[in-house]
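Open the structure in your viewer and keep the selection tool ready.

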Amino acid sequence: MTIDWPLFWDSVGPLAAAAIAGTIPLALVSFALGMVLAVAAALARLSRNRLIAGVARLYISVIRGTPLLVHLFVVFYGLPSLGLTIDPWPSAIIALSLNVGGYAAEVVRAAILSVDKGQWEAAYMVGMPRRTALRRVILPQAARVATPPLSNTFISLVKDTSLTSLILVSEMFRKSQEIAAFTQEFMLLYVEAGLLYWVICLALSTGQSAMERRLDRHVAVAR
Amino acid sequence: MSPSPANTPAEPLLSVSAVSKAFGDHQVLRAVDLEVARGEVVAIIGASGSGKTTLLRSLNGLETPDAGVVTAGGVAVDFGALAAAKPALADRQRAALRDKSAMVFQHYHLFPHRTVLQNVTEGPIVVQKRPREEAEREAYALLKRVGLSDKADAYPHRLSGGQQQRVGIVRALALKPEPAAVRRAHVRPRSGTRRRCVAAHARPCRGGMDHGRGHARTPIRTRGCHAGGLPGRGQRAGDRSATRYSVSRARSARGSLSAGSRTRCKWQSPRRRRRCPQWALMVPSRPSARPGGHPRWNPRRTPDVAHSRQPKE
Ligand SMILES: Nc1ncnc2c1ncn2[C@@H]1O[C@H](COP(=O)(O)OP(=O)(O)OP(=O)(O)O)[C@@H](O)[C@H]1O
Ligand SMILES: [Mg+2]
């Protein structure tokens, strides 16, 4: 087997462009929305209100118990039969955010629970109500604990965006499918797409280490 | 809950009546009564595990006794009724009680993600909404008194245990509570530091609690630092002639802390001061100069429990 290097180099440009215009913004937006959902769901699960906690528990259970591809298909291909037609991009963002929200909720909940009870008491002692205590004392400390697992979630998400090629989102993997179909060079283009995902994830891991160092700066950490 | 009128000197600043608390079938507090007037320093002595911390935490609403009433600075909370109350109301009452006190935890619990200065100003700025410059100025002054001016920008994990403890004390004092609960107030730094430390929590605040071994002397030292004289032989501990701060025993210390323990609420006489009280409660003797309350007390926080957490119209 020979490698068609000219095609390889010619396709790097379009694939990188699709990553910058599709994969990365899709991952960032979905992650941001997903984190909002995740914090809300985690707090709901910790709520004293049984109903709210129950709803959050159900949401997490459904998301974790069903495949992402099914969510994408339900939103994009399923909802139109209920009269609700959503474009590829918004569909992808909805499904991915819901997915991230469900997974990250458990991470956030565990991180909140990991903060020493004494921190809650100290916050109450200085007169903070529960909400302020969460925002000013507990969540900043939980963030430190949650960063490594959430980075994992984010890296998975970047790769999961490739599934949205199946609902016609023009992200990087869809681009590689298009070029491969045109040139019939399937092996080359799919491996190339894989390499580009790897490069993105390497960059993210570097970012993760920097962020962890930053968050660890005020605690004595064993290294 | 019955909001009582503002403190008059005659009325105890802090009163605990018939407070009981059990963990499972382990009865830790059994109908404890305690009254502390302004100007009193109270030491509660007891074996480890006899319930001193539990009593203190109850004063701060961090523990919910099964029964009994705690009144602090005009806020009365009936814990017996609290169990049946709606969670939101119970939270409000606990919060109102917290407004009237402060404490230093046995393990300090400083905020690790904030500098020493931010630890101290967190309550004044975020909760009491006082202007930043004013809060910081006061924080620097308090830190200076405990010899920690140069650590204002350090993070807690860089401090020694004793330094963390002093930050804990300053954090409690910066809240300007009515009876401040300062526990385990000092390890034993150089004696000069220690005296400053005591002075710090005696002067600007309205009271303090001390927890730790070897601090039976604390109240006396407090007098010493302030008025330059220990009470002489035969001089009654409650004698206020020499000092702003009087030291006296709790007037009514009935009830037992823990079954079988020899815990007492008692003033330690100078002769027995080698025996260590586990904590002491100090309340300055001067009634507030202004009838409307302590001059520095945040007027936005009304003493009435029922209204204290409700937004202003
Ligand atoms: N949350 C809890 N659940 C169950 N038991 C508890 C709890 N907190 C305290 N206790 C028990 O209550 C008793 C009193 O505890 P407390 O912390 O008040 O003791 P203490 O007098 O402060 O002791 P020390 O001098 O060692 O600090 C102990 O026997 C302890 O085991
Ligand atoms: Mg204790």
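Start by selecting A:R174, which counts as partly exposed because its relative accessibility is 23% (partly exposed lies between buried, under 20% relative accessible area, and exposed, over 50%, using a 1.4 Å probe and protein chains only). This is a predicted model, in which local features need pLDDT of at least 70, side-chain atom pairs count only at pLDDT 80 or more, and totals for chains, interfaces and linings use all residues. Residues are numbered from 1 along each chain as its sequence is written, chains are lettered from A and ligands numbered from 1 in the order in which they are written, and side-chain values use heavy atoms, with hydrogens and water left out.

A:E178 is partly exposed, at 41% relative accessibility.

Next, select A:E106 and A:R45, a salt bridge with its closest N and O atoms 3.3 Å apart. This pair links distant parts of the chain, 61 residues apart: A:E106 is in helix α4 (residues 88-114) of chain A and A:R45 in helix α1 (residues 5-45) of chain A. Both A:E106 and A:R45 are buried.

Then go to A:R136 and B:E122, whose side chains form a salt bridge at 2.7 Å, N to O. It crosses between chains, from helix α6 (residues 130-160) of chain A to helix α4 (residues 116-127) of chain B.

Finally, select A:K117, A:E121, B:R57 and B:E63, which are joined in a salt-bridge network.

Notes. Salt bridge = Lys/Arg side-chain N within 4 Å of Asp/Glu carboxyl O. Helix = DSSP H or I, 4+ residues; strand = E, 2+ residues; numbered from the N terminus.
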